[in-house]
Amino acid sequence: MASKLKLWNKIGRALSAVVLACFFLPFFGISCGGVDIITISGADMVGGCAPGGAIADKAGPSGDKMMESSDALGGPKLGGFTKVAIAPLAIVALAAAVIGFGLAWVRNRQALLASCILAVVGLGSLVGLYVQTTGEMKEKTELAMAKDKGDADQGDSPLSHSLDKAPPIEAGARIGFWATCLGFIGIAVLTGLALREKQAADGDAPPAPTVGAGPPLP
């Protein structure tokens with residue numbers, strides 16, 4: 001069976017780098033008819049940046065109005081578009097990923113232990129972020145759709161001609177979020193097994209010889 005410690009020493013840096021890179025992929029999104037109209041990356045949630053997606057990429061007053069009518073992000077405005085609200089839990093998760101990437105280059109027991117703890121902290125932060133963000137997005141999306149429907153009944157909404165036939169809008173986690181979770185789980189499991197392996201190896205090591213000791217008694 002392959003040594004978990006050697007395996008971590010080989011792939012630990014790459015795995016930590018992949019987890020860090022996943023923060024620039026979509027973490028959460030709002031889709032309509034299978035098309036992501038709004039996508040939010042982990043980096044967006046850390047920096048309070050403008051989101052991506054079909055609506056955010058659409059220029060002009062129509063795109064601005066559609067973004068405002070589906071105000072499900074909770075942050076301040078930026079050029080007519082709603083910015084993503086800064087999420088402290090996303091900051092904690094990113095910090096765990098950054099520090100973990102640095103520790104992956106250190107080859108000692110303390111770094112292994114710290115990497116394992118940081119992976120658990122990062123995963124816990126993502127779980128909390130999922131519960132918080134998906135709940136808020138679904139609630140605000142439902143409220144925005146109810147408002148648009150009320151405006152459509154009065155003929156004031158730019159979506160008045162399409163709301164009745166529009167496909168359902170869904171909000172939830174995206175590939176970047178799940179990939180980051182899997183990365184943190186992989187790091188925690190691999191470093192945990194490597195710690196146990198290293199502890200067992202250190203416990204089985206023979207005691208160091210005493211300097212000046214005489215030959216063993218018969």
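Me: Which residue of β2 does Ser31 stand opposite?

Reply: Strands of a sheet pair through backbone hydrogen bonds, either parallel or antiparallel. Here, Ser31 stands opposite Asp36 in β2. Strands are DSSP runs of E with at least two residues, helices are runs of H or I with at least four, and both are numbered from the N terminus. Two strands pair if DSSP finds at least two bridges between them. Keep in mind that this is a predicted model: local features need pLDDT of at least 70, side-chain atom pairs count only at pLDDT 80 or more, and totals for chains, interfaces and linings use all residues. Residues are numbered from 1 along each chain as its sequence is written, and side-chain values use heavy atoms, with hydrogens and water left out.

Me: What is the bridge partner of Ser31 in β5?

Reply: That's Glu170. Strand β1, residues 26-32, pairs with β2 in the antiparallel sense over six bridges, and five bridges join β1 to β5, again antiparallel. Another bridge to β2 links Ile30 with Ile38.

Me: In what order do the strands sit in the open sheet?

Reply: Three strands form it, in the order β2-β1-β5. The edge strands, β2 (35-41) and β5 (169-173), each pair on one side only. From one strand to the next, the twist averages 15°; such angles run from 0 to 180 degrees between N-to-C directions, with axes as lines fitted to C-alpha atoms, for helices over the stretch in contact.

Me: How many residues lie between the strands in the hairpin of β1 and β2?

Reply: Two, and Gly33 takes a positive phi near 65° in that hairpin.

Me: Why is β1 called largely enclosed?

Reply: Look at burial: buried means under 20% relative accessible area, exposed over 50%, and partly exposed in between (1.4 Å probe, protein chains only). Five of the seven residues of β1 are buried, so the rest of the structure largely encloses this strand. Across the protein, 37% of the 218 residues count as buried.

Me: Which residues have the most contacts inside the largest nonpolar core?

Reply: In soluble globular proteins, nonpolar side chains tend to be buried together. A nonpolar core is a set of buried Ala, Val, Leu, Ile, Met, Phe, Trp, Tyr and Cys residues joined through side-chain atoms within 4.5 Å. The largest one here has 36 residues, and Phe28, Met45, Leu126 and Leu129 have the most contacts inside it. Elements supplying at least two residues each include β1, β2 and β5, while α7 gives the largest share, eight residues.
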